[in-house]
Amino acid sequence: MGRRGYQKTVCGTFLVVSFVWLSITIVIVMYHEELMKSRRLREYNQEYEHLDEMHHLGPYLGNQNSGNDPDDNHNSKLKHNIKYNYLRNLTMNRDRFKLPKSVVGNVNNNDVLNNKPYINDMLNQPPRKKSPFIQKLKDNGNKIDPKLVDEAKVGDDTKSDSYYESTAESKNENQDKGSDLKPDVPEINDNKVPEAPHEVNEKPAPVPRVIQQEHREVEKRGSKGTETKPHKQQDQQQKNAQQPGQGNQQQENPEEKAAQMIEADPMKLILQQIKDVINNVNGDSELNQGNKKLPKKSNESENKKQEFVNPLGLDFDAIEPRASPDAPGEMGKSYVVHTRDLPPVEKEKYDKMFEQHQFNKYVSDKISVRRRLPDKRIQSCKDVVFDKPLPRTSIIICFHNEAWSVLLRTIWSILDRSPLNLIKEIILVDDFSSLGELKKPLEDYMAQLKIVKIVRTKKREGLIRARLLGYSVATGEVLTFLDSHCECVFGWLEPMLTRIAENQTRAVAPVINSIGHHAFGVDQHEARDVGIVHLDTLSFHWGLIPKRETQRRTSPTEPYRSPTMAGGIFSISKEYFAHLGLYDAGMEIWGGENLEMSFRIWTCGGSIELHPCSHVAHVFRFKSPYNWGRDPQLILKKNTIRVGEVWLDEYRFHYYENHQYRLGNFGDVSERKALRQRLQCKPFSWYIENVYPEMTIPEPVLYSGEVRNVAYDQCLDSMGQAPAFPKAQPCHGLGGNEYFRYFKNGEVRMKDVCLVAREEERVVVWNVCAERQLRFWDYTDDNHFVVRGTNLCLDVTEGKQKLKLNPCSSSSTQKWTWTRKLADIISGKTSYLGTGVRNKFIQ
């Protein structure tokens, strides 16, 4: 081999080795990228698998049906929503996790991001603790000892059992000089509930605060003898005076009554007062006309221009200094903590915090509770000058075991970004929290702020009733409800109060922005959605603002009219809230109350608005961290059925059909129906035509339930998954394969498959409905199923099981009956109650 050949060999070998080395490197890099992508996706894959198992999360993803029932025809929709939420998380975090666009498939980013579920806190019900005073009372033979009463009034035992515990330490400065207003804020743990101010031209609100006063009066009578007595007892004494012979027998024993009052659940007394409020609703009130302004105050000149003033005279920076501008989370920026960089102890702490709260408390604790947020409102909103007198509001925040930093950040966002002369008080309703930091430490901290009050429940009540407690101690003209994990943005309060001042019958909600539950970054997008409802599932959703609504508005600062509201964050006149009948106290814990309130406001003369100039950011948890004590879907079902019974008229049967009329015990709704009559509310058909004409109305079901053969008393059975040959089987009453629906278009459907005729073979099968010409049936008055356009009827053979298509005749083997007929139910000819399939619903 010559020198030239040797050089060629060396060069060729080098090129081959280089090519091989480069190929191996590329393979290794690609493998590493795939491995890292797999690791990045693992977290979301685990989330998807977890959500797929947690069927009770259906309502958060836009579906009230949980799939608890084996024959639930919405399992597929639920899984679709779960997958949609999974894709939504991928889309929102794609840049941070460096996920390729192909991961999200063909899902449009805007569609994904617009599908923003609004998640309220779910609440558990821990066992109620016994009162030490009650135990001593029982040990004493249920006899009132004055020493025990005094101990109950001043001892430490009653501080834990007291229904209300106020935490503001200072007394009211009484800015309105010359008025006889009572102190706005009581001292800590004085066990007193502030009374409503007695102002000129203001009607005293019928609130249940008298219960606490009556309780104290009864205790005084038990310890000291005679004191001022309630009106009912005075009436009873006058009645006894007219009947001398019976006076001693009817005289109430103060000791026994005191024991009963102490033993009684205070919430029951609150609910009784709420019933009185509802019974006093005046259907002829001016509020029913839908256009009433709040009364002007005599001191309106002092409230001419709203500015960021501090009437409390407090140095907020001394109480809670601000962080430096470059601190974590400032200006609403995300703060990412990589768990792989944490020591084992910190990693364990990180995971424990997330499991407890279902958001990243580890990150939240590193962000200042007074962090700054940018003002990203449109310029026209910033240019609005609020120079008219505005009403003062009571801000009600309910919480249960909320994270300390998140709760404080909610409070400070209110104080830092609101004109404090518009805030009458901030009321924290502690729904039986068990965290130690939310007891005395929270009281001591809030006592510095003067404007914050804390009231506590004696047992787990849930969001609905906790808000009713907040209402009962509120003294402002307007009620503003907030969740305990929010951050208010500049200018959030004035637009809502302005709209209510102009018209008292408005309920106004802000644009709800999101705070990421991992990195706590704030997304301040503009208004693009309004609240809507899906009739077949009675579930709240966000929907794009209708074109008719954008055309109606004449200014970018004009609010959007929203068919429903999310319910977690909104403002409403206190007088109008009471006029409407407050919340439905028959509902439990959480769920459906926002829809009930929405339908009631719209059909009873009011309106719901979403204001584009008001923004409040909200933490959307990964999932609910609370234990409800039983299946949350059963609670949600009960609440939504109450909504249907009272407000949906004949449209409620679309919802009942999805539950196969398994209504269970949803409680007594007679008072709510009577309230609707007194308020002279419009029918639900008016709501559809005038408020939400875009609503999709499900195709009406004419017949549903079991399809029973007259001759053999056997029921139509699908015999499993499609495609399959149905048979006649013994009726078991459990739904499932024996629950069918006959639609107006002639389809006999079970879930998403239809009963299809095969004319040549004279048989019927279960198959997909699309593109099947022989899937339409005519159900005749003489109970025959006739294949449309033919003379063939569904028949049972002599074997009593096999189904055939035979020429129509008068034979009873061709006659079939249904469990229920919708026309008879709507007309009242038959009742739908008790016709549902057997189940283990609410007993």
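Modeller: Lysine 574 has its charged end over the ring of tyrosine 471, at 5.5 Å from the ring centre. A charge is said to sit over a ring if NZ of Lys or CZ of Arg is within 6 Å of the ring centre and within 35 degrees of the ring normal. The ring of tryptophan 686 also has a charge over it: the charged end of lysine 682, 4.9 Å from the centre.

The model is predicted, with local features needing pLDDT of at least 70 and side-chain atom pairs counting only at pLDDT 80 or more, while totals for chains, interfaces and linings use all residues. Residues are numbered from 1 along each chain as its sequence is written, and side-chain values use heavy atoms, with hydrogens and water left out.

Next come rings beside other rings. A pair of aromatic rings is described by the distance of the centres and the angle of the planes. Rings of Phe, Tyr and Trp (its six-membered ring) pair if their centres lie within 6.5 Å; planes under 30 degrees apart are stacked, over 60 edge-to-face, and the rest tilted. Searching the whole structure gives 29 aromatic pairs. One of them joins phenylalanine 354 and phenylalanine 622, a tilted pair with 6.3 Å from centre to centre and 50 degrees between the planes. This pair links distant parts of the chain, 268 residues apart: phenylalanine 354 is in helix H14 (residues 344-357), and phenylalanine 622 is in the loop between strand S12 (607-619) and helix H24 (632-647). Helices (H or I, at least four residues) and strands (E, at least two) are DSSP runs, numbered from the N terminus.

How open are these two residues? Buried means under 20% relative accessible area, exposed over 50%, and partly exposed in between (1.4 Å probe, protein chains only). Phenylalanine 354 has 15% relative accessibility and therefore counts as buried, whereas phenylalanine 622, at 22%, counts as partly exposed.

Phenylalanine 599 and phenylalanine 684 form an edge-to-face pair, because their planes are at 80 degrees, with ring centres 5.2 Å apart. This pair also links distant parts of the chain: phenylalanine 599 lies in helix H23 (residues 593-603) and phenylalanine 684 in helix H27 (residues 684-690), 85 residues apart. Both phenylalanine 599 and phenylalanine 684 are buried.

Ring pairs can also join into a group. Tyr703, Tyr742, Trp777, Tyr779, Phe785 and Trp818 are linked in this way into a cluster.
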